[in-house]
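Here are my notes for you on this one, as numbered points. Keep the viewer open while you read, and look up each residue as it comes along.

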Amino acid sequence: DPAGPTMGVPLKSGAEVVGVLGLARLESEPTFNEEQIEQFALFAQLASLALDNARLYGAAQQELTDRKRAEQVQSALLRISEAVAASAGLEELLAVIHQQVGTLMDVTNFYVALYDAASDAYTFPFHVDEYDLAEEHTQQQLHRSLTDYVRRKGEPILVDERMHQELIASGEGDLVGTPSPIWMGVATCA
């Protein structure tokens, strides 16, 4: 079966062709006439304007989202800075940090682990967890834990289940506590 008449017009954003508006007929008759071609070209121009407007709107929305997020981060950092000066002790300061980080992300399971090189062990002055308990001042040696991995590497890490299995297989990590589908750790420096 021979193909029927087809018509295509470019969709442009400025001088760049970003797509095609196409039309085809399965029958050989009737063919397209000049008026239909001009109308179709006009529709393509309107579609190009709509695509440009949608892209501009999306970019503006993303910029607003980015600015709002930056303001939230700045506000949380300001409140933490204020707490550094005003807190009566470490536990109070860590509670403020937990609260402020919670304005930016889920902190249902959150802890601060302090490492003591002399004893090669960690203490947990702040710990919130829906499954595991940690004794605040009891020292724990956590060799090959994700916590110890972050301390040894000295940089932030985001670990999903696949990466955790790779760390276990390579001997870099063990499962400590309740398994988590995603885990994030950041090293702190004194």
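1. Let's settle some words before anything else. A residue is called buried when its relative accessible area is under 20%, exposed when it is over 50%, and partly exposed in between. Take aspartate 120: its relative accessible area is 25%, so it counts as partly exposed. Also keep in mind that you are looking at a predicted model.

2. Now the overall layout. The protein chain has four helices and six strands.

3. What about the overall shape? The radius of gyration of the protein chain is 29 Å, whereas a compact globule of 190 residues would be near 16 Å. Along the principal axes, the C-alpha atoms take up a box of roughly 90 × 45 × 30 Å. As for burial, 23% of the 190 residues count as buried. The accessible surface is about 13500 Å², and carbon and sulfur atoms make up 56% of that.

4. Two more whole-chain numbers. Take the contacts in the protein chain with a separation of 6 or more: 38% of them are between residues 24 or more positions apart. On the charge side, there are 12 positive and 29 negative charges, and their mean positions are 5 Å apart.

5. Next, helix H1, which covers residues 34–86. Glutamate 38 is 29 residues away from valine 9 in sequence, and their C-alpha atoms are 9.9 Å apart in space.

6. Alanine 83 belongs to helix H1 too. With a relative accessible area of 9%, alanine 83 is buried. Which residues does alanine 83 contact once you leave aside its neighbours within four places in sequence? They are Leu93 and Val96.

7. On to the aromatic rings. The count comes to three aromatic pairs. One of them joins phenylalanine 110 and phenylalanine 126: the ring centres are 5.9 Å apart and the planes stand at 80 degrees, so this pair is edge-to-face. Phenylalanine 110 is in strand E3 (residues 110–116) and phenylalanine 126 is in strand E4 (residues 121–128), so the pair ties together parts 16 residues apart in sequence. Both of these phenylalanines are buried.

8. Stay with strand E3 and find alanine 113, which lies there. Not counting residues up to four places away in sequence, alanine 113 touches Tyr122, Thr123, Phe124 and Thr147. Now look across to phenylalanine 43: that residue and alanine 113 are 70 residues apart in sequence, and their C-alpha atoms are 62 Å apart.

9. Threonine 147 deserves a look of its own. This residue is in helix H3 (residues 146–153). Its relative accessibility is 14%, so threonine 147 counts as buried. Leaving aside its neighbours within four places in sequence, threonine 147 is in contact with Tyr111, Ala113, Tyr122 and Trp183.

10. Finally, a point about backbone angles. Most residues other than glycine have a negative phi. Where does aspartate 120 lie? You'll find aspartate 120 in the loop between E3 and E4, and its phi is positive, about 55 degrees, although it is not a glycine. Aspartate 120 touches Tyr115, Gln141 and His143, not counting residues up to four places away in sequence. Leucine 56 is 64 residues from aspartate 120 along the chain, and 55 Å separates their C-alpha atoms.

11. Arginine 144 is not a glycine, yet it has a positive phi of about 65 degrees. Its place is in the loop between E4 and H3. With a relative accessible area of 32%, arginine 144 is partly exposed. Have a look at both loops in the viewer and check those phi values for yourself.

Methods. Residues numbered from 1 in each chain as written. Predicted model: local features only at pLDDT ≥ 70, side-chain atom pairs only at ≥ 80, totals over all residues. Heavy atoms only, no water. Helix = DSSP H or I, 4+ residues; strand = E, 2+ residues; numbered from the N terminus. Rg over C-alpha atoms; globule rule 2.2 N^0.38 Å. Buried < 20%, exposed > 50% of the residue type's maximum accessible area, 1.4 Å probe, protein only. Contact = heavy atoms within 4.5 Å. Areas by Shrake-Rupley, 256 points an atom, 1.4 Å probe, with all protein chains shown as cover. Lys, Arg positive; Asp, Glu negative; His and termini not counted. Charge placed at Lys NZ, Arg CZ, Asp CG, Glu CD. Phe/Tyr/Trp six-rings, centres within 6.5 Å; stacked < 30°, edge-to-face > 60°.
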